[in-house]
Structure formats: structure tokens, C-alpha cells
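Good morning, and thank you for making time for this.

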Amino acid sequence: MVQAMTDQTIDVASDFSRFPGGRYKADGENSGQAFREDILVPALRRAIDTNSRVIVILDGTSGYPSSFLEEAFGGLIRVHKFDKETLDSVLVIEAKDPVYQPYKGLSRRYMQDAQASSSAH
Amino acid sequence: LNVEDFIKVFAAAVLAASFTLAVTWLKATRDDLRLSADYFIKVLADAADAASAYWLLPGTNPEAALLGVRLIGFQERLSRLRLTTFAPFRQVDRNILDEDLLSFFDACTGGRHGEKNRPIDANRAREAQAVAARIDAHMRTGVQTASKLRSYLARRLLPVGSW
């Protein structure tokens with residue numbers, strides 16, 4: 001039986017970069033693809049294996065270009081083929097500071113769009 | 001002037017003063033609301049112009065790099081202004097404005113924003129203007145039905161976002 005582990009917390013500002021930006025790794029080291037492939041996906045795989053959650057904290061950065069958010073979160077469904085139902089139970093996106101709430105809204109929207117687009121194909 | 005008359009005159013004076021104070025407060029709050037909505041719309045229009053300029057330049061143009069960074073700054077300003085500007089609006093208006101703001105952010109910095117080799121994207125340039133116009137129109141109608149009390153309180157208690 002798999003035992004539930006402690007939830008993993010990813011604080012984007014301290015664990016990745018205070019200046020996230022760019023879509024692909026070719027656009028810079030702080031890109032959405034780099035965040036997704038190097039940090040988010042390994043954490044999600046561990047969480048699924050251990051029946052725990054990944055909490056992503058968006059606060060503290062100098063803002064997010066939408067292309068970063070689309071690549072990081074929409075890419076989970078588009079590229080890595082996670083389904084939205086699994087992500088809803090494993091991935092928690094938090095914005096404690098209300099200034100970051102729109103970025104949380106955008107991240108969710110991009111996952112919904114990616115799910116809708118993958119269901120259509 | 002006996003005591004009874006004095007109390008009547010005093011009560012009438014207090015009532016008149018309270019009414020005048022309430023009307024003045026309502027007018028001032030309404031004016032504040034309009035001013036903050038006007039300021040939000042001005043920043044939004046500047047952001048839309050910067051977005052159109054950005055998307056009408058190829059990624060290789062040196063000016064595009066500066067505009068790309070400015071757009072992230074505009075998003076930050078609008079996210080902060082949203083807290084006090086949207087707060088007095090009715091919930092239904094706030095929900096529409098919040099969703100439109102996400103669409104605006106997507107038009108400004110979505111797609112191939114930040115890619116060095118991105119081509120000109122005239123559709124995004126137009127989309128930024130179209131969504132900004134939609135928000136502008138909705139805010140002006142929202143001001144008419146906004147709560148004056150919420151507007152007053154919003155200046156003292158920052159609301160928490162709805163996402």
C-alpha cells in the first residue's frame with residue numbers, strides 16, 4: 001500500500017526564479033518549459049506515486065508573462081498528457097497575495113483550454 | 001425659546017446636517033469611483049498601445065525587447081489597481097471584468113511573447129485593443145451601478161480576488 005507523503009511545495013520565486021519569463025528553454029533559463037520539465041513534472045510524478053500533492057506558490061516574482069504560464073501549466077496536458085482530473089487532485093496553485101490572483105486564474109484557464117483542445121482531437 | 005422648542009430645533013439641525021453630510025459623502029465617493037475607473041482605463045489603454053506596438057514588431061527588433069518587459073510591468077500595475085478599482089462593482093460585473101482582464105493579459109504576453117524569433121502577430125495587436133475596449137465599456141457601465149459603500153470600504157480594506 002502506498003503511504004501518503006507530505007505535500008511538496010514549490011515556491012516559484014525562491015525555488016525557480018524571481019523573474020520567470022519566456023516560453024521555451026531556447027528563450028532563456030527561466031522559461032515555462034524549464035519550470036515544467038525540470039521542477040513541476042518531477043514533483044507531480046512523485047506526488048502521484050505517493051498519493052500526495054504539489055503546491056505551487058506564485059507570489060513574490062516580478063510578474064508572469066502569459067506565455068510562461070501557458071507553457072508551464074497548459075503544457076502539462078498538451079505535452080506530458082496529464083489529464084485535468086488528475087491535476088485537479090494533485091496540483092494546487094496558490095496566490096496568497098491578491099495581486100497574483102490573475103496569474104492563478106490564467107494558469108487554470110490554460111489548463112482548461114489545453115484539456116478542451118486535447119479532447120477535441 | 002423653551003426646552004421643547006430647543007430640542008425640536010436642535011433635532012432638525014442635526015437631521016439637516018446628517019442629510020447634507022450623507023449627500024456630500026455619496027457624491028465624493030462617486031467621484032472617487034469615477035476617478036479610479038478613469039485611471040484604470042488610462043493605464044489599460046497605454047498597455048493596449050504597448051501591446052499593439054510589441055506585436056507589430058518582429059522579435060528580433062531591439063525595441064520589442066523593451067516593449068515586452070514593459071508589458072509585464074503593465075500587467076503588474078493592472079493587477080494592483082484591480083484590487084481597489086473593481087471592488088465596488090457588483091459581483092456579476094467583477095466576474096466579467098476579471099475574465100476580460102485574463103483575456104487582456106493573454107493578448108499582451110501570451111502566444112509567442114518572449115520568443116526571439118517570433119514573427120509579427122497582427123491578430124494579437126488587434127486583440128489587445130479589442131479586449132481593452134470591452135473592459136473600458138464594461139467599467140463605465142459598472143460605475144453607474146457600483147456600490148458607494150463598497151467603494152468607500154475598498155479604500156480601507158483590500159478585497160481578496162475571486163479565483
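A salt bridge here is a side-chain nitrogen of Lys or Arg within 4 Å of a carboxyl oxygen of Asp or Glu. By that criterion the structure holds 22 salt bridges over all chains.

Some conventions first. This is a predicted model, in which local features need pLDDT of at least 70 and side-chain atom pairs count only at pLDDT 80 or more, while totals for chains, interfaces and linings use all residues. Side-chain values use heavy atoms, with hydrogens and water left out, residues are numbered from 1 along each chain as its sequence is written, and chains are lettered from A and ligands numbered from 1 in the order in which they are written.

One of the salt bridges joins A:Arg53 to A:Asp7, with 3.0 Å between the closest N and O atoms. This pair links distant parts of the chain, 46 residues apart: A:Arg53 sits in the loop between helix H2 (32-50) and strand E2 (54-57) of chain A, and A:Asp7 in the segment before strand E1 (8-11) of chain A. Helices (H or I, at least four residues) and strands (E, at least two) are DSSP runs, numbered from the N terminus.

I turn now to the interface. Chain A and chain B each bring 23 residues to the contact, where contact means heavy atoms within 4.5 Å. About 1900 Å² is buried between chain A and chain B, and carbon and sulfur atoms give 52% of that area. Buried area is the accessible area (1.4 Å probe) that two parts lose on being put together, summed over both. Of the area that chain A buries against chain B, A:Val99, A:Pro102 and A:Arg109 supply 27%, more than any other three residues.

How many salt bridges are there between chain A and chain B? The count is one. A:Arg109 forms a salt bridge with B:Glu99, the closest N and O atoms lying 3.0 Å apart. On the side of chain A that touches chain B, helix H3 (66-78) and helix H5 (101-120) of chain A are the elements that give two or more residues. H5(A) gives the most, with nine residues.

Finally, the open space. The largest pocket has a volume of about 420 Å³; a pocket is an open set of points on a 1 Å grid over the protein atoms alone, where a 1.4 Å probe fits, with protein on both sides within 12 Å along at least five of seven lines. Grid points are joined across faces, edges and corners, and the volume is the space filled by probe spheres set on the points. Lining residues have an atom within 4 Å of a point. Of the 22 residues lining the largest pocket, B:Ala65, B:Gly68, B:Val69, B:His113 and B:Gly114 are the closest to its centre.
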